[in-house]
Amino acid sequence: MERRTIGAAALEVGAVGLGCMPMSWAYTSSEQRGERSLRAVHAALDAGATLLDTADMYGPFTNELLLGRALKERRPEAFVSTKAGLLVGDQHIVANGRPGYVKRACDASLRRLQTDVIDLYQLHRADPEVPVEETWGAMAELVSAGKVRALGLCAVGARAGRRSGADPHEQTIRQLERVQQVFPVSAVEAELSVWSPEALDRLLPWCEARGIGFLAAMPLGNGFLTGTLTPGQGFEADDARARHPRFTAEMMAANQPVVAGLRRIAERHGPGTTPARVALAWVLRQGRHVVPLPGTKRPRWAVENATAADLELTARDLSEIAALPPARGSWD
């Protein structure tokens, strides 16, 4: 697989990564089978998808434990990205950016992941009660201690910006400018896909201008852009999409032209090319510093997603994607 670099430290990863969250969190718990998910991790590594993206809150904790089983055998082949800063309660999620907590969270992640060092340690969310510079300073100390190689920041939810008509990533950029004064940011993780392209306006160019890697979260639109979901199919009660405005039967039907456009392009590229591969290839075309993180818990999809790095979209393809209707329905 093509290799790409993240941040000024030129950390090298496969052009397509693996989002591990669906294996343990937020999606269809009845299908979260540990052994199959473990095979998916191995399949991704075999295909060159070296960046494995997780977080301590996924599960919570069980996703890191699952990855630890794979890393015990294949640590040199993997680039491990995990996150801290969010605590999961019975009915709520809260931020915790206190320096002491962040350091303890890192040690706990290292134990669960069965590794001596985390390649990319990301702040999941800033704590409104703690200056972000203090949290980031503690994370920088983890780099100095040799427990972490590089630091990243996850984008703040864009809901407020969308409602006001302002740049949806303004708050994230302000945070990035503050923490950059403390220690270099190597990567930013934010949503980017054919049906959620807002990061193209300012956040992605901001990262590119500073040599910061961009990790594209949800590049397949929570599964919608794969073309495998049927309007009105329903989701399990604990699946986040069951409460998501874009996944009502009405909105899924209204957004079918987006998938149909991707499918037309896939058909031109011949057998084996799917809407998912086209959607990922589009993300890859947005910059050499961009690494999509499609999530899956199935080995078959892990391999298919990895092959998107080999798909060359034509000028016609890109023009047709640009002409697709914007997604309908609130994303928040």
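Residues are numbered from 1 along each chain as its sequence is written, and side-chain values use heavy atoms, with hydrogens and water left out. Because the model is predicted, local features need pLDDT of at least 70 and side-chain atom pairs count only at pLDDT 80 or more, while totals for chains, interfaces and linings use all residues.

## Nonpolar cores

A nonpolar core is a set of buried Ala, Val, Leu, Ile, Met, Phe, Trp, Tyr and Cys residues joined through side-chain atoms within 4.5 Å. Buried means under 20% relative accessible area, exposed means over 50%, and partly exposed lies in between (1.4 Å probe, protein chains only).

The largest nonpolar core has 79 residues. Those with the most contacts inside this core are Leu52, Tyr121, Val194, Leu203, Phe214 and Ile321. Helix α10 (residues 275–284) supplies the largest share of the core, seven residues. Helices (H or I, at least four residues) and strands (E, at least two) are DSSP runs, numbered from the N terminus. A second, separate core has eleven residues, including Leu11, Val13, Phe79 and Leu215.

Contact means heavy atoms within 4.5 Å. Apart from residues up to four places away in sequence, Tyr121 touches Thr82, Lys83, Ala84, Val102, Ala105, Cys106, Met139, Leu142, Val148, Ala150, Leu151 and Gly152.

Helix α2 (residues 62–74) has 13 residues. From its first C-alpha to its last, α2 reaches 19 Å, close to the 18 Å expected at 1.5 Å a residue. The expected span is 1.5 Å times one less than the number of residues in the helix. Helix α2 also has a kink of about 25 degrees, centred on Gly68. The bend at a residue is the angle between axes fitted to the seven residues ending there and the seven starting there.

Which residues of α2 are buried? They are Asn63, Glu64, Leu66, Leu67, Gly68, Ala70, Leu71 and Arg74. These buried residues pack against α1 (34–46), β4 (51–53), β5 (79–84) and α3 (99–113).

In helix α6 (residues 170–179), the buried residues are Thr172, Ile173, Gln175, Leu176 and Val179. Seen down the axis of α6, they fall within an arc of 160 degrees, so they line one face of the helix. The arc is that of the directions from the helix axis to the C-beta atoms. An α-helix has 3.6 residues a turn, so residues three or four places apart point the same way. The buried residues of α6 pack against α4 (132–144), β9 (148–154), β10 (187–191) and α7 (203–209).

Helix α11 (residues 299–306) has Ala302, Glu304, Asn305 and Ala306 buried. The elements that cover these buried residues include α1 and α10.

## Salt bridges

Side chains of opposite charge can pair when their charged atoms come close. A salt bridge is a side-chain nitrogen of Lys or Arg within 4 Å of a carboxyl oxygen of Asp or Glu. By this rule the count is 21 salt bridges.

| Pair | N to O distance |
|---|---|
| Arg3 and Glu12 | 3.3 Å |
| Arg74 and Glu77 | 2.7 Å |
| Arg75 and Asp119 | 3.0 Å |

Asp119 lies in strand β8 (residues 118–123) and Arg75 in the loop between α2 and β5, so this pair ties together parts that are 44 residues apart in sequence. Asp119 is buried at 4% relative accessibility, and Arg75 is buried at 16%. In the Arg74 pair, Arg74 is buried at 11%, whereas Glu77 is partly exposed at 38%. Arg3 is partly exposed at 36%, and Glu12 is partly exposed at 47%. Elsewhere, Asp167, Glu170, Arg174 and Arg202 are linked in a network of salt bridges.

## Two buried residues

Ser193 lies in the loop between β10 and α7. Is Ser193 buried or exposed? At 0% relative accessibility, Ser193 counts as buried. Leaving aside neighbours within four places in sequence, Ser193 is in contact with Met218, Pro219, Gly221, Leu225, Trp282 and Val283.

Val290 is in strand β12 (residues 290–293) and is buried, with a relative accessible area of 0%. Beyond its neighbours within four places in sequence, Val290 is in contact with Arg4, Ala15, Leu204, Phe214, Ala216, Val283 and Leu284. Val290 and Glu189 are 101 residues apart along the chain, and their C-alpha atoms are separated by 9.8 Å.
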